[in-house]
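This briefing goes through one protein model by topic. Please keep the sequence and the structure at hand while reading.

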Amino acid sequence: MACPTVLIPGLLRGSVGAICAQAPLSRLTPSTLRHLTLTSIMKSIRKTDHLERTASVVRREIVSAAKVCGAANESPSVKSLRLLVADQDFSFKAGQWIDFFIPGVSVVGGFSICSSPRLLEQERMIELAVKYTNHPPALWIHNKCTLDSEVAVRVGGEFFFDPRPADASRNLVLIAGGVGINPLLSILRHSADLHRERANKGIGYKIGTIKLFYSAKNTSELLFKKNILDLVNEFPEKIACSLHVTKQTTQISAELKPYITEGRITEEDIRDHVSKETLFYICGPPPMTDFFSKQLENSHVPREHICFEKWW
């Protein structure tokens, strides 16, 4: 049974580990979803928060009910969620985020999806990874969220990788800082899915090479490192990564050591990958995205080949 869908006119451009059974999300009725969304927008718009920062960003009109089906600690400060979104009209492009509406919480969250669109197509699931902060939606996820908790979600964002089968092959350089890995992991997973499809069926988009640069405080805060290394090992001819740690105080494991660089990602690291066939995706704290965007422009990379997302 599909979960409720609500169309809210005028909101397309923001006016502002367990598996669950695919049971209907019965309590979040269309009228409840509409009330939840509009109430959250009215209260949230007064603050400098996700809705206000993204007010001019394109969103889909569909608001869909979702149910928490899994949760895990990805790091000492980050919790991952798996959400069931049974609504067949709900879809997203790799790299996009969701507005996250929580019953009883007036502030709207904004979280990038870290899973591939293929997971949604096959299992009606999306995955998030949320850092602990004092922001009410993050507090709810870390302290109150349980299996079967019900929320509502809406897709937005102009930061995505969604090539058509006939598009020219492009190399990708992904530059992530902290939880900025989330949309880039979605892009990495989507690229791997496209590559598998072409290998298995002989049709579809032909991916170029992909290099991920990912920086965090220490190895315990490098999220999804096993997933990343699994993809590197599955497709060594296509995918490579450079994992950077800035404040490592413990010994680095033998498994990780070949991929680890102690110190920040530098402009020299990136410069070697500049070419006319390469697209750059950057996501992290504003100073980081500003720095690399400027450096790439100075290296004569066309602006249309530089995509970035800032998260606070």
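Predicted model: local features only at pLDDT ≥ 70, side-chain atom pairs only at ≥ 80, totals over all residues.

Residues are numbered from 1 along each chain as its sequence is written, and side-chain values use heavy atoms, with hydrogens and water left out.

**Overall**

- The protein has 8 helices and 13 strands, taken as DSSP runs numbered from the N terminus (helices: H or I, at least four residues; strands: E, at least two).
- Of its 312 residues, 54% are buried (under 20% relative accessible area, with exposed over 50% and partly exposed in between; 1.4 Å probe, protein chains only).
- Carbon and sulfur atoms hold 52% of an accessible surface of about 14300 Å² (Shrake-Rupley method, 1.4 Å probe; for residues, only the protein chains shown count as cover).

**Helix H8**

- H8 runs over residues 286–298, and its 13 residues reach 18 Å from first C-alpha to last, close to the expected 18 Å (1.5 Å times one less than the number of residues).
- Its buried residues are Pro286, Met288, Thr289, Phe292, Ser293 and Leu296.
- These residues lie on the same side of H8 because they cover an arc of only 160° around the axis, an arc taken from the directions from the helix axis to the C-beta atoms.
- In an α-helix there are 3.6 residues a turn, so residues three or four places apart point the same way.
- The cover over the buried residues of H8 includes strand S8 (171–177), helix H7 (267–271), strand S12 (278–284) and strand S13 (306–310).

**Helix H5**

- H5 (residues 181–201) has 21 residues and spans 30 Å between its first and last C-alpha, close to the 30 Å expected.
- H5 is mostly covered, with 15 of its 21 residues buried.
- Gly202 follows H5 and has a positive phi, near 75°.

**Two buried loop residues**

- Phe92 sits in the loop between strand S3 (78–84) and strand S4 (97–102) and is buried, at a relative accessible area of 7%.
- Beyond its neighbours within four places in sequence, Phe92 is in contact (heavy atoms within 4.5 Å) with residues including Ile113, Pro117, Leu120, Val155 and Ser186.
- Phe92 and Asp162 are 70 residues apart in sequence, with their C-alpha atoms 9.7 Å apart.
- His305 lies in the loop between H8 and S13 and is buried, at a relative accessible area of 12%.
- Not counting residues up to four places away in sequence, His305 touches Arg170, Lys276, Thr278, Leu279 and Phe280.

**Cavity and pocket**

- On a 1 Å grid over the protein atoms alone, a cavity is a set of points where a 1.4 Å probe fits but cannot get out, a pocket is an open set with protein on both sides within 12 Å along at least five of seven lines, and lining residues have an atom within 4 Å of a point.
- The largest cavity has a volume of about 60 Å³, and its lining is formed by Glu267, Ile270, Arg271, Phe292, Gln295, Leu296 and Ser299.
- H7 and H8 each supply at least two residues of that lining.
- The largest pocket has a volume of about 1000 Å³, the space filled by probe spheres set on grid points joined across faces, edges and corners.
- Of the 38 residues lining the largest pocket, Lys131, Gly177, Gly178, Val179 and Pro285 are the closest to its centre.
- Elements that each supply at least two residues of the pocket lining include helix H2 (50–53), strand S5 (105–112), strand S6 (125–131), strand S9 (210–216) and H8.
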